[in-house]
Amino acid sequence: MSLKSLDPRVTRLNLPEGEVPAMEPKPELDQFETYEAFHQKKEGAAYTYVGPVHAPNEDVAFLFAKEQYSRRFACTGIWIARTENIQLTLYGNDSENVYDMMRVEEPAERSEQPEPYEIFHLKKRGKAHVHAGRVMATSYLEALQEAKQQFGEKGPVVNVWVVRSKDVLQSAEEDKDMWTTIPEKKYREAIAYKVMDKITKYKEENKPTTAQ
Amino acid sequence: MNEQAIKDLLYKLADDQLILGHRNSEWTGFGPILEEDIAFSSMAQDKIGHSLAFYTLLQELGEAEPDTVAFTRNANQFHNSQLVELPNGEYDFSLIRHFLYDNAEIIRFEMLSQSSYEPIAKVATKLKGEVKYHVLHANTWIKNLGTSTEEAILRLQSSLNEALPYALGMFEKSKFEQELIDAGVYAGEEAVKAEWLKRITAVIEKTDLKLPDLESIKPKFGGRYGEHTEHLQPLLDEMAEVFKIDPTAEW
Amino acid sequence: MYGGGNVFEATKFDDLQTEDPAKLAEFEARIARGEKIEPTDWMPELYRKQLIRMIEQHAHSEIIGALPEGTWITRAPGFRRKMAQMAKVQDEVGHAQLLYSAAETLGKSREQMLTDLINGKSKYSNVFNYPAFTWADSNIISWLIDAGAIVNQMANAKGSYGPYSRALERICAEEAFHLKYGHDAVVHMATGTPKQREMIQAALNRWWPPIMTFFGPSDKMSTHTETLVRWKVKMATNDECRQQFLDMYVPKIWELGLTVPDPNLKKNMETGQWEYTEPDWDEFKRVINGDGPCNAERLAVRRTAEERGAWVRRALLNPKAKYVKPLA
């Protein structure tokens, strides 16, 4: 190390000195598989896609998503689904409805009894998928058909995600208190920092301003 | 209510959280997985926030303002348990400490939310949900890693053995223990410890870890009344390095 | 925190001849209509490669960018700063997570990106190779580097790739906090004690030259660049970003009575453009190629963090798990 670290934390890491050989490539799955996270902004609002996390299982994915996607702004719940378990349609053009373009094929596999599926719609490219509702079906394809009948009429739908309800980890009612103090954490909001008074005072005390 | 007793309680709560929050913040940017780095930092921030809430109650009781209290005292004036001041070590140690500490912390918060001393009850009720996440985080990790590879289990077991004497030190009794219990402030350290033992045992039993016989372990007491390891003063010096350039300045 | 410097070098994938003309026309028409491209859409190889390159560099800049300010995380003065500094550095790690995910949707795994970062195969924003000597340096970074990043990221958020835009929207919302926090800290220093004022002026003097290089050298206009502009990958030129930054922030620096260490810095009222001493691009090149004051430390820290955390990841690795790219 040519430079003694200015960061006492780094000094405590005792970094190896001198040249080190290149790091071996990371093994596959070193960063784990991915899960998709959805949040609910307020009671009664539809769950909305917020983004993925890498995690070894859905419990840990929940721990991760909670802090990555809901450490700011109001939140009342989080859903987690393994990416692999979500099936999706093609993407249509903006203002199109993909349900109208769907070619429905015969499903390869069906469950014996109908089971619930969650349906998410993307209304416009670049926006986030929003929960449209739940349907009962015996396969992903049947769920999509059901979704088309139940929610397909309402305006453009650019893309649809379908996932079995049992593959969605939903935060519990009694977990809601984990989010109650979020709006109070003002120190991480821009709104908490107001310095106009200080600047005005400084300028007044230092007239004429140091013109450049 | 004996104000000295309340202050004594507030100081140990606040100092524990400040020092542990500070330690945990050292991981920011160095965590084992990006997502975990973020989660660990949030909990560190929460801890600092909790300490601030309790220092603010102390200020209302006539103590100096929180910045002064936190950034200008010396180690022998701190009331934290020695557990929280120990260096972070590797991630196994930080996780085990987090697990042992937060499982006690949640019990304190549950008890204090029912406290006869209303200002504490209010703060504890408000912040309990945050500690609940901390416990969920700790327990999930211990369950996952504690049932994984031999390497991970060995690391956790060795950190557990190392941390336990210090963890037991968390339950060092107050000079005002009986008064606090009698006044209904909270049920006291013995009660916290008994419940804590139940809860950590329940988690550890789901793993391949073994909880050593606690009777055979001598608790590291002293922290509650200013006796600390050699690690606390350097931590405080580092924390106050900028603040002390000019303690009267607004930073 | 990212300025976009040194991103768009020509690559070997510049040849559109091999792309299907009908698909290419459809792709370009979509972008021309103002629609976003989503991960499963057809896209030209050049688009994919350049986006991976850009988003990956951006992600690296966030994770490495956490280190200069992290230098002061244990020493932030007072509760207010202590908590905010932690949250600020945490956000940078969070941004890296969002951006690596966006890059993954294009087909490069996080494992590969992290390996390339640590082995020096891919770049990150050059400014983070400079040290944060004092608390005041950290304040200047929080304010002005993040201000620069916002200029760049606001432009890029209007780009054509859906996952990158979504990530940038979230990032820009968080950067608003960084900017205000940084400004607040700088104002406190500048209007504080003589010692504080001296510290902040010294930090500004140290950081001004790197800040001026933050957006990269003037763009060389080429057909290559024109294509990227048409595809809404490149949303503003480096000079446009630099001018916008100077326009917004130089007055805010001056109103605090601080001096910008460039005697030639002034706004030409006729052209409306800022004039300044040309940054030292030779130094820029030297530093970005590894010879800066902190390059070695930054990568060594990242590598050490990865290596010391390896046992955790190994312990929870499920060999039967199937990796699937994030959906969006």
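**Exercise 1.** In a left-handed or a right-handed crossing, how does α2(B) pass α6(B)?

*Solution.* This is a predicted model, in which local features need pLDDT of at least 70, side-chain atom pairs count only at pLDDT 80 or more, and totals for chains, interfaces and linings use all residues. Residues are numbered from 1 along each chain as its sequence is written, while chains are lettered from A and ligands numbered from 1 in the order in which they are written.

Step 1. Find the helices (DSSP runs of H or I, at least four residues, numbered from the N terminus).

Step 2. Compare their axes, which are lines fitted to C-alpha atoms over the stretch in contact, with angles from 0 to 180 degrees between N-to-C directions. The axes of α2(B) and α6(B) come within 11 Å and cross at roughly 165°.

Step 3. Angles over 145 degrees count as roughly antiparallel. α2(B) and α6(B) are therefore roughly antiparallel to each other.

Step 4. The crossing is left-handed: the near helix is turned anticlockwise from the far one by less than a right angle.

**Exercise 2.** How many residues of α6(C) are buried?

*Solution.* Step 1. Helix α6 of chain C covers residues 162-190.

Step 1. A residue is buried if 20 or more other C-beta atoms, placed from the backbone, lie within 10 Å of its own.

Step 2. In α6(C), 24 of the 29 residues are buried, so the helix is mostly covered.

Key: Helices (H or I, at least four residues) and strands (E, at least two) are DSSP runs, numbered from the N terminus. Angles under 35 degrees count as roughly parallel, over 145 as roughly antiparallel, 65 to 115 as roughly perpendicular and the rest as oblique. The expected span of a helix is 1.5 Å times one less than its number of residues. A residue is buried if 20 or more other C-beta atoms lie within 10 Å of its own, exposed if 12 or fewer, and partly exposed in between; C-beta atoms are placed from the backbone.
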